[in-house]
Amino acid sequence: MQNSCQLNSTAREYLSTFRCILDEMIQGMTEAERTESISQNFIAQMIPHHQAAIEMSYNILKYTTDAALREIAEGIIEEQTKSIRNMRCIENACGKCSNSERELGQYQCKVDQIMQNMFCRMRCACATNRNNCNFMWEMIPHHRGAIAMSKLTLNFPICSELKPILEAIITSQEKGVAQMKQLLRCLGC
């Protein structure tokens with residue numbers, strides 16, 4: 001986190017919770033059990049990713065009164081809770097769709113790069129006394145990571161049930177990034 005000023009107690013509380021959630025997400029994604037199925041591996045890594053977004057959204061809701069940001073955070077909670085539920089429903093079926101060693105190696109190498117970039121950008125997000133801005137600076141690279149992981153996964157042989165979930169992630173999170181970028185401008189962040 002880049003500190004551009006002395007943080008007040010509210011910002012320190014908010015950021016402390018954010019860092020704990022981020023650390024749990026990183027651990028969950030990097031330690032997810034890998035199988036011979038890209039579909040199942042994606043699900044195993046995306047569930048902790050989505051869970052972190054939900055927890056980060058609940059965190060900002062404790063601090064913000066901004067109606068537009070509350071709507072964004074509530075939308076993240078709703079969409080990503082639904083996405084987790086959908087992924088859990090297809091997890092066993094998708095585990096039966098196996099990939100070659102070559103496909104698995106290519107996929108994991110690229111997904112590891114995406115995750116490391118996302119982790120770095122989230123850790124280095126600007127930290128100020130404006131928690132509304134902090135949340136969006138943290139969440140934009142989080143969303144971009146999910147978009148990149150989903151687009152990558154669509155380039156490989158995967159179970160058919162996963163494809164609409166990936167497309168929904170891409171659509172909703174591209175929309176979320178656009179909304180947050182607009183709100184950052186409106187708030188003068």
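Q: Which residues gather in a patch of positive charge on the surface?
A: This is a predicted model, in which local features need pLDDT of at least 70 and side-chain atom pairs count only at pLDDT 80 or more, while totals for chains, interfaces and linings use all residues. Residues are numbered from 1 along each chain as its sequence is written, and side-chain values use heavy atoms, with hydrogens and water left out. Patches are made of residues with over 30% relative accessible area and no salt bridge, like charges being joined within 9 Å and nonpolar side chains (Val, Leu, Ile, Met, Phe, Trp, Tyr) within 5 Å; Lys and Arg count as positive and Asp and Glu as negative, with His and the chain ends not counted, and a charge is placed at NZ of Lys, CZ of Arg, CG of Asp or CD of Glu. On these terms the positive patch on the surface is formed by Arg-121, Arg-144, Lys-181 and Arg-185.

Q: Is Arg-144 buried, partly exposed or exposed?
A: Arg-144 has its place in helix H5, which covers residues 131-154. Accessible areas come from the Shrake-Rupley method with a 1.4 Å probe, and for residues only the protein chains shown count as cover; buried means under 20% relative accessible area, exposed over 50%, and partly exposed in between. Because its relative accessibility is 44%, Arg-144 counts as partly exposed.

Q: In what order do the elements of the protein chain run from the N terminus on?
A: Helices (H or I, at least four residues) and strands (E, at least two) are DSSP runs, numbered from the N terminus. The protein chain has six helices and two strands. From the N terminus on, these elements run β-α-α-α-α-β-α-α.

Q: What is the radius of gyration of the protein chain?
A: The radius of gyration is taken over C-alpha atoms, and the globule rule is 2.2 Å times the number of residues to the power 0.38. The C-alpha atoms fill a box of roughly 50 × 25 × 25 Å along the principal axes. For 189 residues a compact globule would have a radius near 16 Å, which agrees with the value for the protein chain, 17 Å.

Q: Which residue meets Arg-34 in a salt bridge?
A: A salt bridge is a side-chain nitrogen of Lys or Arg within 4 Å of a carboxyl oxygen of Asp or Glu, and the structure holds two salt bridges. One of them has an N to O distance of 3.4 Å and joins Arg-34 to Asp-112. Arg-34 lies in the loop between helix H1 (9-30) and helix H2 (38-61) and its partner in helix H4 (residues 101-123), so the pair ties together parts that are 78 residues apart in sequence, the partner being Asp-112.

Q: Which residue pairs with Lys-151 in a salt bridge?
A: The side chains of Lys-151 and Glu-174 meet in a salt bridge at 3.1 Å, N to O. Lys-151 belongs to helix H5 and its partner to helix H6 (residues 163-187), so the pair links parts that are 23 residues apart in sequence.

Q: What separation lies between the C-alpha atoms of Ser-150 and Ile-170?
A: Ser-150 lies in helix H5 and is buried, with a relative accessible area of 0%. Along the chain, Ser-150 and Ile-170 are 20 residues apart, and their C-alpha atoms are separated by 6.7 Å.

Conventions. Buried < 20%, exposed > 50% of the residue type's maximum accessible area, 1.4 Å probe, protein only.
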